[in-house]
Amino acid sequence: MRNEPSLDTRAEMHRLMVTTRAIEIRLGEMFRDGQTRGPIHRCDGQEAVGVGATQALGDEDYVTTTHRGHHVYVGRGLEPRRIIAEIFGRATGYCGGRGGHMLVGDASRGMLGGNAIVGAGIPAATGMALSIKVRGDNRVAMTVFGDGAAQTGICHEAMNMAGLWKLPVVFLLENNRYGLTVPQSGQSATDHLVDRATGYGMPGTVVDGNDVGAVYAAAAEAIDRARKGEGPTLIEARTYRVEGFSTSDMGGYQDPDEVARWRARDPIALSAEGLRDALGDNLLARIEADARAAVDEAFKQALADPLPEFTLHAASAPYAGGPR
Ligand SMILES: Cc1ncc(C[n+]2csc(CCOP(=O)(O)OP(=O)(O)O)c2C)c(N)n1
Ligand SMILES: [Mg+2]
């Protein structure tokens with residue numbers, strides 16, 4: 001297949017998926033122990049989408065993601081310690097501890113942020129693509145967004161503009177079959193969201209979102225097209241949300257058989273199967289163990305990091321010391 005990842009890239013993507021999963025599992029445990037604040041949107045089972053897509057980008061490219069973006073952050077090469085520090089509001093976090101888990105950004109890596117506003121990353125990346133085109137840069141912008149976000153008006157406007165002006169943007173639709181508690185069938189008249197690409201004059205392709213190599217290859221091809229000035233592409237990566245919408249989800253609305261079927265197609269297990277012959281069991285186990293140990297260490301450091309210092313603006317001085 002064209003643009004197929006090399007063995008090195010596949011091994012690296014495996015490491016990044018295991019890293020992401022270890023972060024998600026630990027966050028789930030800490031939520032159960034009452035050690036987190038606010039909801040956390042886990043991406044277990046969807047790691048191949050964020051990691052495969054971002055690993056195909058060049059160092060100078062841009063990416064935006066959603067409220068469920070830990071796989072995109074890790075895939076883009078952000079440090080687990082600083083991601084975790086941001087989630088726990090520490091001064092060492094990517095946004096100084098003021099953004100939180102949905103809003104991690106690092107401009108130095110072209111990571112233009114997650115977003116708590118559903119769909120908002122789509123026009124942000126499209127705008128970056130317009131600026132790339134106007135400035136004559138050789139960069140590409142990518143936006144990873146959900147099936148729920150695909151139903152917003154701004155998604156239509158951004159795709160229409162991108163198709164019309166042949167902007168260097170890749171629309172990576174992470175179709176995990178649910179928007180909050182609403183299944184795909186309750187969100188849109190078509191089950192084939194990729195068909196919309198035709199209406200915007202861009203190619204559309206469907207890919208197995210649990211196959212990291214397939215996501216990488218599809219993203220690499222779309223990135224190539226965009227860089228050559230041939231315009232945008234819509235990629236629909238089909239995957240499934242195996243955990244609840246967020247840590248505060250009461251659940252009970254997803255078919256347990258369907259969840260079990262998707263859990264059996266775990267992207268990390270599929271990636272391991274594909275690598276076992278080439279790497280051997282020992283090396284594969286070492287890559288996984290090292291990734292998990294690095295995440296443990298990252299949690300230890302991040303949780304020991306200081307909270308940000310808040311200085312009161314002069315106008316707030318009368319409130320110093322809290323409520324009276
Ligand atoms: C503009 C806007 N509308 C509604 C919400 C509430 N909301 C948060 S996430 C979500 C569902 C998003 O579904 P999808 O885009 O498929 O992402 P997923 O959670 O499946 O990753 C909704 C409706 C919001 N945050 N922003
Ligand atoms: Mg969804």
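**Ligand and metal site in the predicted model**

Tyr178 is buried, with a relative accessible area of 9%, and Asp147 is likewise buried at 1%, where buried denotes under 20% relative accessible area, computed with a 1.4 Å probe and protein chains only. The model is predicted, so that local features need pLDDT of at least 70 and side-chain atom pairs count only at pLDDT 80 or more, while totals for chains, interfaces and linings use all residues. Residues are numbered from 1 along each chain as its sequence is written, ligands are numbered from 1 in the order in which they are written, and side-chain values use heavy atoms, with hydrogens and water left out.

The magnesium ion (ligand 2) is coordinated by Asp147 (OD), Asn176 (OD1) and Tyr178 (O) at 2.0 to 2.2 Å, donors being N, O and S atoms within 2.8 Å of the metal (3.2 Å for Na, K and Ca), with water not among the atoms, so sites may look incomplete. Asp147, in the loop between strand 2 (141-146) and helix 6 (153-165), and Tyr178, in strand 4 (residues 178-179), are 31 residues apart and link distant parts of the chain; helices (H or I, at least four residues) and strands (E, at least two) are DSSP runs, numbered from the N terminus.

Technical notes
Buried means under 20% relative accessible area, exposed over 50%, partly exposed in between (1.4 Å probe, protein chains only).
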